[in-house]
Amino acid sequence: MTQTSVPPAKRFDTLLVANRGEIACRVMRTARALGLRTVAVYSDADANARHVREADEAVRLGPAAARESYLKVEAVIEAARRTGAGAIHPGYGFLSENGPFVEALDAAGITFVGPPASAIAAMGDKSAAKARMHDAGVPLVPGYHGADQDDALLRDEAERIGYPVLLKASAGGGGKGMRVVESADGFQAALDGCRRESQAAFGDQRMLIEKYLTQPRHVEVQVFCDTHGNGVYLFERDCSVQRRHQKVLEEAPAPGMTEELRREMGEAAVRAAKEIGYVGAGTVEFLLDFSQGQDGSFYFMEMNTRLQVEHPVTEMITGQDLVAWQLKVAMGEPLPLAQDALTITGHSFEARLYAEDPAQDFLPATGTLSRFAMDLAGAGLDPARVRLDSGVETGDVVSMHYDPMLAKLIVHGDDRPQALATLNRALAALDVQGVVTNRAFLQRLATHPGFKNAELDTRFIERNEETLFAPRQIDLEEYAGAALVGLHQLARECESDSPWDRHDGFRLNAAHTIRIALCDPAHAQDEDDSEAVVVVEGRREAGGSPWQLTLGGRTFAATLAPLEGDAVAVTLDGHRRRLQARLVGEGRERNVVVMVDPQRETRLFWRRIDAIDHGHHEAESTLTAPMHGTVVALLVEAGARVEKGMPLMVMEAMKMEHTMTAPADGHVENFHFAAGDTVGQGDVLLEFAADE
């Protein structure tokens, strides 16, 4: 067991947060509650970001690129000196697991709110960490963790372990440089891609290989150690629901855990932490095998030597502020509680809100947040049960330069079903406009029968792809409700009492009449096709009587009553539903009606019409960039003959690679960009000629 080696602790009154976004805001919130002054650092892209606005002081680090700002050790240390910060909290990502950074802080006499550099080094090299955990008696997944990185050797090791295998960056984390390889045929391409991602993210191309368990659960244990030799575990979190090896939904405690298994995993996690002389908050991640014929065996995967993104669910069930624990331990204080004083109360979920488009293979999205709000009153939610940790506000810009996570929605309930019901209601109350997000996808996940029944494993999304991504059939009542929301908005837009300013079908001495076209976004490319558009004819007699909405051969008596916040009561033929309803501008001479309840979201393009034009859209002969990013590689030559679906080029955005493929059989006439070039969303990447 390694002895802890940390500089003598000293108290500090000013804390610099060497991070951005949601985690910077969250750390500063606790720091202020403890009476500390807070200092933010920022890049040019974040000059007006929320974490900068909320800090007592802020210091510019450099240009937008992380390597020229948030990853510049000298600039961060100089910012601490300039502001008199006695300590630096790294958040997660960036410099949070950078041993040389910790050593530089030690030399400068600045306290690092985290573990010693030796502990980071011990777990940062995942191959060496596996060997140490083996010696400490922590169970491991079969794999290869050696220093020899020869391609042929790695292929042989994969064959020895047996496919499928998991390629993983030895210095990595957060899903970067990680891919599942199903057979020997795809090994080399996966290896090359992992190395590129690992080099870009960590400056290190070394790989390790592990047996890929087909139905494991990802369960991690929160540990905490101090400089007095104390160590505890604050129970476990289930983080099995992932996409591209990045977590989407997390919960605590993990479903199906027995007290005996919880104790065994917790004690193994503390043993792992003490083996490397750990100090502060850390997370030991395990693969837990509850698949058929398995009895709940668990295997060490890795240790994250920092605070985790999902730490709030642990705070919710334990009633502890983990950032406050971090700051107290950094000042040399003992752990606030011993193991036998820690208890679990209720259940908690966390949903990660990303600026990304699930319908487009989770492509990162950029733009300006025209609205970012949560309507707790309209959803009937208890503020004590709901927490939104975010790094953005209305008006903020979501750029291409950093991770696309906008916020974390955390809820608590007395048990798992109650917490899940609260999560669904809270997701319905979350309103984000101006940037595409995964909010509706999170709702589909949380309402999925398999998730409700805790049928969890790390391939949950992949296994349930057909149901999670299947187009939902919108019924006539939903179309009628959407038309009613649009009609209500038209009435609200009247600027005066003059009938000439009315836009809601008003007729002098006659019934109000109006025609509305509604289009399901699933058919957005076909919205000029009469089969993709539903036309609603509305008629209402003067005096505020109900609307008579006719569509699909059916007529509804319809009324709408505003409630608290965004909530409305929509009544169709006596059937009343409470909804969160919004009319969102999309800048295309029409709006989008969004209706959300705790079970689902209905989103429909909406516009008032006199007639519907039936245009013809020519097929595009160009391929455009779906996001801002950088061209990594061109995979074919100009003039090359290609088949539909063949990879043409690789782009990188927000630390992930995205492959652009041929839209049809044909040939590439020419490329407009070369490897290394930066492209903007909508830029024409190449000219493509489809076969006649």
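Trainee: Which residue in β3 is the bridge partner of Ala40?
Mentor: Ala58 is the bridge partner of Ala40 in this predicted model.

Trainee: How many bridges join β2 to β3?
Mentor: Five, and the two strands run parallel. Strand β2 covers residues 37–43.

Trainee: What is the strand order in that sheet?
Mentor: The order is β3-β2-β1-β4-β5, in an open sheet of five strands with parallel pairing.

Trainee: And which are the edge strands?
Mentor: β3 (57–62) and β5 (111–112), each of which pairs on one side only.

Trainee: Switching to cavities. How many of 30 Å³ or more turn up in the whole structure?
Mentor: The search finds six.

Trainee: What volume does the second largest cavity have?
Mentor: About 70 Å³.

Trainee: Which elements supply at least two residues each to its lining?
Mentor: Helix α18 (476–492) and the strands β28 (567–572) and β29 (575–585).

Trainee: Which residues line that cavity?
Mentor: Glu477, Glu478 and Gly481 are in the lining, together with Val570, Leu572, His575, Arg577, Leu579 and Met595. By class, that lining has four nonpolar, two polar and three charged residues.

Trainee: Now the largest nonpolar core. Which members touch the most others?
Mentor: Leu15, Val223, Phe224, Phe286 and Met303, out of 62 residues in that core.

Trainee: Which helix gives the most to the core?
Mentor: Helix α9, residues 259–275, with seven residues.

Notes: Residues numbered from 1 in each chain as written. Predicted model: local features only at pLDDT ≥ 70, side-chain atom pairs only at ≥ 80, totals over all residues. Heavy atoms only, no water. 1 Å grid on protein atoms, 1.4 Å probe; cavity = no way out; pocket = protein on both sides within 12 Å on 5 of 7 lines; lining within 4 Å. Points joined across faces, edges and corners; volume = space filled by probe spheres on them. Helix = DSSP H or I, 4+ residues; strand = E, 2+ residues; numbered from the N terminus. Nonpolar A, V, L, I, M, F, W, Y, C, P; charged D, E, K, R; others polar. Core = buried A, V, L, I, M, F, W, Y, C linked by side-chain atoms within 4.5 Å. Buried < 20%, exposed > 50% of the residue type's maximum accessible area, 1.4 Å probe, protein only. Pairing = 2+ DSSP bridges.
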